[in-house]
Amino acid sequence: MKLFALKAGSPGLLRRAGREYKGLVGSMKETRGTDALEGPGPVDEAAAIIRRASEAGLLISEAEIRRALAGGQPGAEADREADVRTRLLTLLGECDDLREVVADNGERSYYSSLSMSEAYAALLLRRQGDPARLIAEIVRQDSEVYPRPVPLDMFTHPPFDFTLEEVVQTAAGMAAREEYSDIEETRTSTARLFLYSTLYLEPAYASMLAEWLDVGQSNNP
Amino acid sequence: MKTYGGWAGKVLRVDLSTGRSRTEETVDKYKDYLGGTGIGYKVMWDEVPAGTKPHDPGNKIIFAVGPLAGTGAPCNGRIAITTLWPTCAPKPLVATGHMGGHFAAELKYAGYDAIVIEGKADHPVWLSVADGKVEVKDGRHLWGEGIRRTTAAISQIMGPEAVVAAIGPAGENLVPMSNVMNSISHSAGGAGSVMGSKNLKAIGVRGTGSVRIGGNKDEWEKLVKYHLSLLGANNQHVVPNAPQPWAEFWSPGTRWVGSKGRAWGAAAPPIETGTCEPHNLNRIAYRTNNAAFYLGDAAWQYTVRGNGCTGCPIRCHTMVKMPAVASKYGISEMGQNTCMGLLFGWVFFKSFPAGLDGRANMETCMVGMHLADDLGIWCNYGQLQRDFQKLYYEGHIKAKLGEKEFKSYSWDKYEKGDPSFLFELLPRIAAKEGELACALGLGTGYLLERWSISEAEWGKDHDLAYWKMGHPKHHSCEEVGQCGTLINLMYNRDPQCHSHVNFIRNGLPLQVQKKLAAEIWGAPEAVDAIGAYTPMHPSKARMAKWSVLRKELHDSLSLCNWMGPWVASPLKERGYRGDDSLESMLYSVATGDKLDRQELDRVAERIFVLHRALTIRDMGTKEMRARHDLIPEWAFEDESGKAPFTKGTTRMDRKDVETAKDMFYDELGWDRATGAPTAEAYRKAGMGDVAIELDRRNLLPG
Amino acid sequence: MGSGCERDRSSSSASGLAGAVGLCSRRQFLKVGGLSVIGMSALGPLLARGAVKPLIIMEQAQGIVIGDPTKCVGCRRCELACTEFNDGKAAPTLARIKVDRNLNFGPKGVFAGQRGQGNWGNGLVVQDLCKQCPHPVPCADACPNDAIVVAPPVKARVVDPDKCTGCKMCLRACPWEMISFDQDSGKATKCNLCGGKPKCVEACPAQSLTYLPWRDLTDKVPVRTAPLAALSPEKSAACQECHKR
């Protein structure tokens with residue numbers, strides 16, 4: 001970078017001194033939070049694609065990675081299928097943060113633990129499949145682990161994003177199915193519907209917890 | 001003489017009877033009590049005799065902070081206010097309140113750790129503290145003004161950086177249910193009328209000085225960043241409100257509401273909060289939005305940004321902009337507050353035309369804030385509003401008011417949930433206009449007395465939240481079983497203690513909480529799932545002791561007990577552990593006085609025990625267990641008849657509660673029969689002189 | 001030197017108080033300074049005897065901190081980080097990022113009431129930041145002891161405490177009132193960009209501050225005051241070398 005030393009008789013330099021000096025500082029980085037695009041392991045475009053997707057809160061399937069690598073050129077994908085799979089296997093071995101999850105239909109998806117938890121990835125994976133199975137799993141997990149019943153309207157919010165009709169219909173359908181016989185409902189005093197699993201919560205307890213979550217906590221700010 | 005960092009060094013004494021002020025050396029006189037409530041209790045013990053009444057000139061009001069106030073320690077922006085409490089029934093006793101905002105920090109920069117207000121001015125005055133220059137100024141032109149105009153007027157004299165703590169007409173008129181406020185939305189309930197009784201309208205502070213860090217500044221920087229790394233959202237909730245990509249857990253009850261797709265909608269242009277990943281310390285302020293937490297998703301579109309105290313990254317106050325209310329009610333479109341301050345107007349009403357989630361909710365909040373935060377009315381943690389509902393719907397108001405007064409209120413508006421009703425009610429409370437206003441303004445204890453309603457009737461009601469001595473519960477057995485119950489026994493108003501509930505509501509699964517609890521309080525039995533309580537256990541007594549000690553410690557150091565302690569964190573790599581030594585580390589580096597966790601907790605215990613001594617002395621009895629540490633009937637009942645220790649009830653068991661008290665008093669080294677500290681307990685706490693004085697009055701057990 | 005509610009800043013704007021502020025401020029400053037110049041001839045003998053030429057900063061800074069007032073949540077952690085981590089004391093009045101003076105009512109001050117910015121107005125909190133001025137650098141040029149210098153690694157304009165005598169001329173020279181005075185040391189102090197890792201940017205919990213490659217903001221940000229400093233005769237003479245009248 002040039003130094004503008006004061007020199008008698010060098011007006012040209014001095015005229016430039018007052019201008020905004022762009023381009024001088026290409027090496028400067030904006031200091032703004034964390035940059036998660038870089039991660040452990042070799043720099044690899046497939047790895048970057050996975051990490052970017054995780055940053056955005058999304059799983060990315062093998063097919064989507066292939067498409068992204070092919071740059072949207074039709075026909076190029078099929079040729080590279082085997083390449084991509086090998087590449088991904090290698091990456092999984094070399095990069096601590098890259099993980100693979102497999103759906104019931106065998107489809108593989110990938111995420112980076114730098115910005116996504118195992119629990120969230122599992123949730124997204126389940127979200128791709130049968131809504132009933134998703135709801136049941138969440139309800140059972142919450143009933144066991146926290147423990148708490150789950151408000152039905154939670155499934156209308158991110159990352160579930162079902163419509164209310166979808167949720168209500170799914171829940172109604174589950175009532176008839178044997179494999180969901182442990183999933184019960186309870187209504188609070190504001191008529192808000194909660195689901196719980198009888199495997200982990202007794203009805204009276206679930207009902208009390210739902211009322212607490214819906215009304216009691218707000219009455220004890 | 002060793003010099004310490006942290007403390008500003010001077011306690012300011014202002015005698016309003018003479019108009020003169022003087023200073024004392026903080027460290028010489030009060031180091032063993034740290035600051036805040038510690039200094040408050042010490043002054044009350046030494047200088048305000050038993051039998052003094054809140055509005056007597058002999059009462060004192062102590063505004064005090066601790067060595068951490070004004071520093072970069074996260075969450076240090078609160079000032080404690082200690083005095084004889086006007087709403088404490090049947091006999092006023094010593095209690096404390098706090099206010100956040102910028103007053104605490106500014107006081108430190110002005111060079112003071114505390115202001116002790118004594119006596120009574122013979123005409124309205126305001127106190128000006130500009131660095132070393134202290135003046136008692138004529139306040140007659142301010143008397144009668146609301147808090148906002150008072151603040152503007154004093155700011156015009158002292159400059160835009162001045163911080164003004166002012167009372168409104170409620171405090172001036174000696175309404176016990178009044179507060180003092182600074183920085184627009186930060187209130188200390190209960191203290192307003194004490195200032196009013198001294199003719200003190202406001203305190204304006206401007207400080208251009210500094211708070212020195214006693215230890216090494218690089219060490220301080222590391223420590224502050226370490227503390228920041230362990231922060232969750234408001235109330236130290238360490239788990240997000242909904243599933244987030246980075247999180248293993250989530251909990252719909254937490255205040256960590258920032259997420260992708262949610263934005264500060266009234267910012268120009270709107271600002272998305274994003275996923276607020278916990279390692280990103282530059283986005284802590286986006287985690288919490290209490291307007292949205294309390295009022296629902298609709299509040300996001302009205303949110304301008306977060307706000308709050310000096311140095312706190314959490315921003316638990318929400319600044320909202322609602323243009324509709326300006327033309328509809330003739331009030332400002334801008335409002336800001338948190339928690340009960342935000343909900344002040346809303347809690348009065350039983351229902352709203354559009355239901356509980358309607359937009360009317362926000363409008364009512366705006367009207368409530370507009371009125372209450374200018375008139376300076378206190379809610380007593382919502383007891384004012386809950387009492388009002390019960391008194392109205394059960395016919396007490398109609399029975400007690402004359403026909404003329406009853407007709408002067410638009411009850412149809414009230415029943416319809418019309419916020420404009422508040423324009424009729426609140427100004428009258430502040431002005432003591434009429435029987436209803438006077439009664440409500442007394443606080444629950446004296447209201448019941450005035451209207452010949454038995455306290456027992458209030459104590460039976462499950463929805464009223466009444467606890468004892470004129471005040472409500474504050475995070476008691478309904479959520480934290482025996483631990484919450486014990487905490488609520490100890491004070492002379494609602495305890496304002498969040499140590500325990502911050503942990504219980506942090507959103508972590510029960511097993512993780514139990515694991516942490518075992519490390520902190522000795523056994524996983526310390527915490528139960530709510531509604532699945534188990535019998536009393538020594539670890540619960542330890543948790544209760546820890547809770548109150550840390551509350552006093554925070555109130556004396558200047559740390560916010562609505563955020564701390566920080567024994568859990570959002571960091572999976574730490575097993576969600578926080579650090580139980582944060583307070584002692586911050587204290588040690590800030591002051592240069594190295595105390596470890598146990599040593600500092602012993603100082604906290606001294607402060608807590610002094611509060612107990614004050615209560616005993618001023619009640620004139622050592623029978624705390626029988627006469628002070630009381631539990632309302634509703635705590636022992638379940639409306640559907642479930643038995644204690646069954647799943648689905650928070651009902652307490654009488655025998656178990658007595659065991660809880662036994663274990664708790666044991667934990668503190670107090671006498672079981674009376675619940676009073678023994679002479680040995682006082683001596684161990686470094687207060688042998690207190691023991692002697694109480695012995696003289698026959699107030700020592702055994 | 002307080003921010004003084006008695007000063008009405010409503011007339012400040014980007015184009016400035018005509019002739020005295022804004023883009024003109026630094027040039028006007030030189031004109032005023034030049035009026036008291038002794039003249040090249042007077043300086044000549046001094047230079048011939050090997051006297052040190054006065055420092056006139058010509059180099060650009062390499063970085064600058066900018067603030068987004070819509071994101072500032074008024075926590076003041078920036079002021080605390082600036083002073084605690086640099087000076088070992090929490091001292092907002094000393095901070096080289098200045099938020100407190102705009103926090104309640106905005107830059108227009110207390111008479112803006114509830115119609116201004118800040119906590120009492122529309123919520124916007126303007127963060128006052130050092131522009132790391134290009135030539136002519138008002139604070140540096142005003143210093144009679146050449147105590148404000150360009151410092152590595154990012155060429156921030158920095159007060160050299162060994163040379164500063166505490167005369168406060170720089171405080172009066174800055175049109176944005178960005179220089180602080182440390183009562184304890186008796187010296188002026190200003191933003192040095194923390195050597196390229198600004199602590200205020202690191203500390204902000206709302207991501208409202210950004211550290212960027214330097215750009216000239218001197219004609220984009222309204223000034224706070226009319227500068228009142230005077231150039232020393234030596235500096236004026238040095239200016240004459242290039243800016244011939």
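B:G144 is in contact (heavy atoms within 4.5 Å) with B:P169, B:E172 and B:K201, leaving aside its neighbours within four places in sequence. This is a predicted model, in which local features need pLDDT of at least 70, side-chain atom pairs count only at pLDDT 80 or more, and totals for chains, interfaces and linings use all residues. Residues are numbered from 1 along each chain as its sequence is written, chains are lettered from A and ligands numbered from 1 in the order in which they are written, and side-chain values use heavy atoms, with hydrogens and water left out.

**Two sites in chain B**

- B:G144 sits in the loop between β8 (133-138) and α4 (147-158) of chain B. Helices (H or I, at least four residues) and strands (E, at least two) are DSSP runs, numbered from the N terminus.
- B:G144 is partly exposed, at a relative accessible area of 48%. Buried means under 20%, exposed over 50%, and partly exposed in between (1.4 Å probe, protein chains only).
- From B:G144 to B:G168 is 24 residues in sequence and 7.3 Å in space, C-alpha to C-alpha.
- B:S547 belongs to helix α23 (residues 538-557) of chain B. B:S547 is buried, with a relative accessible area of 0%.
- Not counting residues up to four places away in sequence, B:S547 touches B:C483, B:I487, B:C497, B:S499 and B:H500.

**A sheet in chain A**

- An open sheet of 3 strands runs in the order β4-β6-β5 (chain A), with antiparallel pairing. β4 (150-151) and β5 (183-187) of chain A each have a single partner strand, so one side of each lacks a neighbour in the sheet.
- Strands count as paired if DSSP finds at least two bridges between them. β4(A) pairs with β6 (residues 193-197) of chain A over 2 bridges, in the antiparallel sense.
- Helix α8 (residues 203-219) of chain A packs on the sheet and touches β5 and β6 of chain A.
- A:V150 stands opposite A:L195 in β6(A).

**Nonpolar cores**

- A nonpolar core is a set of buried Ala, Val, Leu, Ile, Met, Phe, Trp, Tyr and Cys residues joined through side-chain atoms within 4.5 Å.
- The largest core has 233 residues. Those with the most contacts inside it are B:W220, B:F388, B:I397, B:W411, B:L436 and B:Y682.
- Helix α25 (residues 597-619) of chain B gives the most to this core, with 11 residues.
- Apart from this core lies another, of 32 residues, including B:V14, B:L107, B:I115 and B:V163.

Conventions
Axes are lines fitted to C-alpha atoms, for helices over the stretch in contact, and angles run from 0 to 180 degrees between N-to-C directions.
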